[in-house]
Amino acid sequence: IANVKVYRAVDKTFGYTGDQFQFTLSYRNYGTVTASGVKIVETLPTDFDYVAGSASNGSNGASGSNGA
């Protein structure tokens with residue numbers, strides 16, 4: 001069975017209006033079989049705006065690990 005866990009980290013614990021934050025998503029499959037068809041969607045918290053062009057790795061270059 002696949003057992004995928006998704007983690008979100010942020011580079012700051014406090015900020016002021018106008019500060020930029022970097023959110024990092026990572027994942028790991030703790031299961032014993034490959035997880036296929038997985039799609040991770042992240043919604044920014046209220047009052048945050050996405051900065052166009054600031055994402056790296058995109059939807060086809062996600063990083064993480066697969067397998068136990």
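## Salt bridge between Arg8 and Glu42

In this predicted model, Arg8 and Glu42 form a salt bridge, with 2.6 Å between the closest N and O atoms. Arg8 belongs to strand S1 and Glu42 to the loop between S2 and S3, so the pair ties together parts that are 34 residues apart in sequence. The count of salt bridges comes to one.

Both partners fall between the cut-offs of 20% and 50% relative accessible area. Arg8, with a relative accessible area of 46%, is partly exposed; Glu42, at 35%, is likewise partly exposed.

## Nonpolar surface patch

A nonpolar patch on the surface is formed by Val4, Val6, Leu25, Val38 and Ile40, which together have about 360 Å² of accessible area. Ile40 is located in the loop between strand S2 (23-29) and strand S3 (64-66). Its relative accessibility of 39% means that Ile40 counts as partly exposed.

## Tyr27 in strand S2

Tyr27 is placed in strand S2 and is partly exposed, its relative accessible area being 26%. Although Tyr27 and Lys5 are 22 residues apart along the chain, their C-alpha atoms are separated by 5.6 Å.

## Confidence of the model

The protein has a mean pLDDT of 83, and 82% of its residues reach 70 or more. Where pLDDT is low, the predicted coordinates should not be read in detail.

Definitions and conventions
Residues numbered from 1 in each chain as written. Predicted model: local features only at pLDDT ≥ 70, side-chain atom pairs only at ≥ 80, totals over all residues. Heavy atoms only, no water. Patch = residues over 30% accessible without salt bridge, like charges linked within 9 Å, V, L, I, M, F, W, Y side chains within 5 Å. Areas by Shrake-Rupley, 256 points an atom, 1.4 Å probe, with all protein chains shown as cover. Salt bridge = Lys/Arg side-chain N within 4 Å of Asp/Glu carboxyl O. Helix = DSSP H or I, 4+ residues; strand = E, 2+ residues; numbered from the N terminus. Buried < 20%, exposed > 50% of the residue type's maximum accessible area, 1.4 Å probe, protein only. pLDDT = per-residue confidence, 0-100.
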